[in-house]
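These are my notebook entries on a structure that I looked through residue by residue.

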Amino acid sequence: MRKRMTLSVVVPLFNEEGNVTPLVEGVRTALGDRYDWELLLVDDGSSDGTLQEVMAAAEAEHRIRPLVMGRQFGQTAAMQAGLEHATGDVTITMDGDRQNDPADIPRLVEKLMEGYDLVAGYRKDRKDRLLTRKVPSWIANRIIRWVSGVPIRDNGCSLKAYRRELVDSIQLYSDLHRFIPAVSVATVGARVAEVPVRHYPRRVGTSKYGLSRTCLLYTSDA
């Protein structure tokens, strides 16, 4: 009998108290019994009630694994912690602000199974402000494509799918999670593809990263 695919979903969280419960429900609805899955919620030193919401969700659902950072280390460090603890054949990363749609996860996994090592989502109809989000992101992505030669159009989209072997080879630091496709191709010759994904306006809470980080090519929608 063929072993059923296992899936790990890694979500860094910083002050996303109002998004934890609907995020969990979205993942549960999207994945259901289709995969054996786990959801790793990484609290990056939140100062609101995010950690309490995470622990309550884990208490109610055995497939949820809480990871707690000792203080705020940043999105890249939180994502690396989640990747290191993920156990699935495939790992999904996504933001915790619910601008990504968990319903897109099966589409990324299906594309990955065509023979790719990494599948990146790109926000075809991005629901963000033009001057402070879209324009800086467009500039940053053009620069990354030009420097790396890797034709990824939306490096700032956290919704990505990775094979286990690639996850084991990734070591993130600084803001390197924005450069995973380029680094993966350069270091291990990863086969990379893109698929369009949905994107929504932020419903709850406020963005944690702004235009001041554009000079670092940090174009997060978190």
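**Entry 1: Glu-38.** I located Glu-38 in strand β2, residues 36-43; strands here are DSSP runs of E of at least two residues, helices are runs of H or I of at least four residues, and both are numbered from the N terminus. I then looked up its accessibility: Glu-38 counts as buried at 9%, where buried means under 20% relative accessible area, exposed over 50% and partly exposed in between, with a 1.4 Å probe and protein chains only.

Which side chain makes a polar contact with the side chain of Glu-38? I found that of Ser-8, at 2.5 Å. A polar contact is a pair of N or O atoms within 3.5 Å; within protein, one must be able to donate a hydrogen and the other to accept it, and residues adjacent in sequence count only if both atoms are side-chain atoms. A polar atom of the Glu-38 side chain also lies 2.9 Å from the backbone nitrogen of Thr-87. Neighbours within four places in sequence aside, Glu-38 is in contact (heavy atoms within 4.5 Å) with residues including Leu-7, Val-9, Arg-63, Arg-65 and His-85.

**Entry 2: basis of the values.** I note that the model is predicted, that local features need pLDDT of at least 70 and side-chain atom pairs pLDDT 80 or more, while totals for chains, interfaces and linings use all residues. Residues are numbered from 1 along each chain as its sequence is written, and side-chain values use heavy atoms, with hydrogens and water left out.

**Entry 3: the whole protein.** I recorded seven helices and seven strands, in the order β-α-β-α-β-α-β-α-β-α-β-α-α-β along the sequence. Of the 222 residues, 55% are buried. Among contacts between residues at least 6 apart in sequence, 80% join residues at least 24 apart.

**Entry 4: helix α4.** I asked which residues of helix α4, residues 105-112, are buried. They are Ile-105, Pro-106, Leu-108, Val-109 and Leu-112. These residues lie on the same side of α4 because they cover an arc of only 160° around the axis, the arc being that of the directions from the helix axis to the C-beta atoms. An α-helix has 3.6 residues a turn, so residues three or four places apart point the same way. The buried residues of α4 pack against β1 (6-13), α1 (20-31), β4 (90-93), β5 (118-123), β6 (160-163) and β7 (192-197).

**Entry 5: Met-113.** I placed Met-113 in the loop between α4 and β5. Met-113 is partly exposed, with a relative accessible area of 37%. Beyond its neighbours within four places in sequence, Met-113 is in contact with Met-5, Val-90 and Arg-163. The C-alpha atoms of Met-113 and Arg-163 are separated by 9.2 Å, and the two residues are 50 apart along the chain.

Entry 6: I noted a positive phi of about 55° at Asn-15, which is not a glycine; Asn-15 is in the loop between β1 and α1. Arg-98, also not a glycine, has a positive phi of about 70°. Arg-98 lies in the loop between β4 and α4 and counts as buried at 17% relative accessibility.

Finally, I found Arg-71 over the face of Phe-73, at 4.0 Å from the ring centre; a charge sits over a ring if NZ of Lys or CZ of Arg is within 6 Å of the ring centre and within 35 degrees of the ring normal.
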